[in-house]
Amino acid sequence: MQAIGISVAFFLQMQTTFLLQGLHMRATFKPNCVNIANSTTNTSLMVTETSDSIVPTDCKEDPFSFPAAWLTIFNVITVLLLIPLMERVIYPFLDKRNIHISLLKRIIIGMIFIMLAVICAGVLEIYRLRNVHDRKNVWVQTIGTTQYYAAHLWIFWQILQYALIGISEVFTSIAGLEFAYSQAPKSMHSLIMGLFYLSGGLGNVFGVLLYDFTTNVVGWKSNKDTANINYMKLWKYFFLLAVIQFITIIIFSFVSQSYEAKEKKARQKNNIQRTSLIPPLD
């Protein structure tokens with residue numbers, strides 16, 4: 001169940017680091033600021049950049065921007081489409097062909113998709129920073145009352161990582177809760193539900209502490225960063241999460257294999273005992 005809790009910490013990234021990354025990608029259809037000096041030769045450079053800061057010029061507000069928080073809808077859509085597809089089509093199709101994916105194996109599959117999601121986020125963050133620093137391809141946008149110096153990349157590049165999180169939820173969360181229920185008597189189902197959500201809460205606390213440790217103690221957050229993350233090593237945080245998840249997958253795989261082997265031996269022993277109790281036919 002602790003492995004489930006660590007996975008829930010990755011789900012938290014949709015409301016934290018994924019959202020923060022999205023705010024620094026192009027969410028408006030028109031730039032808020034245009035570099036007048038370069039407007040005739042290079043309209044993609046929306047700001048002037050000095051050695052210490054990025055300075056916008058000729059700022060105008062775009063009346064419409066795509067909210068970064070709305071991207072979670074692709075996570076929801078993925079879950080809503082995949083649950084009936086897996087339960088009504090994929091799993092029955094595999095069962096008819098004697099290919100049974102156990103609940104523990106489904107949890108492992110979900111963990112793999114979580115790892116892929118943060119890897120995608122890390123790769124996207126590297127590409128985003130290259131657009132900001134190497135190519136000077138900056139898109140200045142005002143969201144609410146905050147001005148962001150974003151990369152000139154559409155925010156919809158994040159759809160893949162949100163969809164991968166949705167796929168992982170279908171496997172990990174559902175199979176985890178179903179496995180917990182199957183191992184507990186009916187009188188303890190409420191307790192199991194409480195422990196399940198407690199592990200998720202502990203996973204969220206772990207995610208917050210890890211982020212604070214890497215940004216404030218390790219120093220992956222630059223002193224130049226205020227509302228912007230263009231000098232922050234957020235990609236290292238994403239790849240650290242991927243490494244943690246990979247280690248969790250390895251450990252959980254060994255534990256699950258050991259558990260399934262014991263369960264198989266127990267079932268075989270019960271079948272032998274039942275067979276011995278059947279009276280012989282005359």
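Welcome to a predicted model, in which local features need pLDDT of at least 70 and side-chain atom pairs count only at pLDDT 80 or more, while totals for chains, interfaces and linings use all residues. Residues are numbered from 1 along each chain as its sequence is written, and side-chain values use heavy atoms, with hydrogens and water left out.

**Aromatic rings**

- The centres of the Phe179 and Tyr259 rings are 5.6 Å apart and their planes stand at 80°, so this pair is edge-to-face; that label applies to planes over 60 degrees apart, with under 30 counted as stacked and the rest as tilted.
- This pair links distant parts of the chain, since Phe179 sits in helix H5 (residues 159–182) and Tyr259 in helix H7, 80 residues apart.
- Phe179 is partly exposed at 21% relative accessible area, and Tyr259 is partly exposed at 26%; buried means under 20%, exposed over 50%, and partly exposed in between (1.4 Å probe, protein chains only).
- Trp235 and Phe239 make an edge-to-face pair, with ring centres 6.2 Å apart and planes at 75°.
- Both Trp235 and Phe239 belong to helix H7, where they are 4 residues apart, about one turn of the helix.
- Trp235 has a relative accessible area of 27% and is partly exposed; Phe239, at 26%, is partly exposed too.
- One aromatic cluster is formed by Phe18, Tyr162, Tyr211, Tyr237 and Phe238.

**Charges over rings**

- Arg26 lies over the face of Trp139, 4.2 Å from the ring centre; a charge sits over a ring if NZ of Lys or CZ of Arg is within 6 Å of the ring centre and within 35 degrees of the ring normal.
- Tyr91 has Arg106 over its face, at 3.8 Å from the ring centre.

**The chain as a whole**

- The chain has 7 helices and 5 strands, which are DSSP runs numbered from the N terminus (helices: H or I, at least four residues; strands: E, at least two).
- Reading from the N terminus, the elements come in the order α-α-β-β-β-α-α-β-β-α-α-α.
- Of the chain's 282 residues, 40% count as buried.
- Among contacts (heavy atoms within 4.5 Å) between residues at least 6 apart in sequence, 80% join residues at least 24 apart.

**Salt bridges**

- How many salt bridges are there? The count comes to 2, where a salt bridge is a side-chain nitrogen of Lys or Arg within 4 Å of a carboxyl oxygen of Asp or Glu.
- In one of them, the side chains of Glu260 and Lys105 meet at 3.0 Å, N to O.
- Glu260 lies in helix H7 (residues 234–277) and Lys105 in helix H4 (residues 103–134), so the pair ties together parts that are 155 residues apart in sequence.
- Both partners are partly exposed: Glu260 has a relative accessible area of 23%, and Lys105 has 41%.
- Arg128 and Glu125 also form a salt bridge, at 2.9 Å, N to O.
- Arg128 and Glu125 are 3 residues apart in helix H4, so about one helical turn separates them.
- Arg128 and Glu125 are both buried.

- Val243, Phe246, Ile247, Ile250, Ile251, Phe254 and Val255 make a nonpolar surface patch of about 680 Å²; patches are made of residues with over 30% relative accessible area and no salt bridge, with like charges joined within 9 Å and nonpolar side chains (Val, Leu, Ile, Met, Phe, Trp, Tyr) within 5 Å.
- Ile251, one of the patch residues, lies in helix H7 and is exposed at 51% relative accessible area.
- Is Ile244 buried or exposed? Ile244, also found in helix H7, is buried, with a relative accessible area of 18%.
- Leaving aside residues up to four places away in sequence, Ile244 touches Phe206 and Leu210.
- Ile244 and Met115 are 129 residues apart in sequence, and their C-alpha atoms are 8.8 Å apart in space.

Note on methods: Rings of Phe, Tyr and Trp (its six-membered ring) pair if their centres lie within 6.5 Å; planes under 30 degrees apart count as stacked, over 60 as edge-to-face and the rest as tilted. Accessible areas come from the Shrake-Rupley method with a 1.4 Å probe; for residues, only the protein chains shown count as cover.
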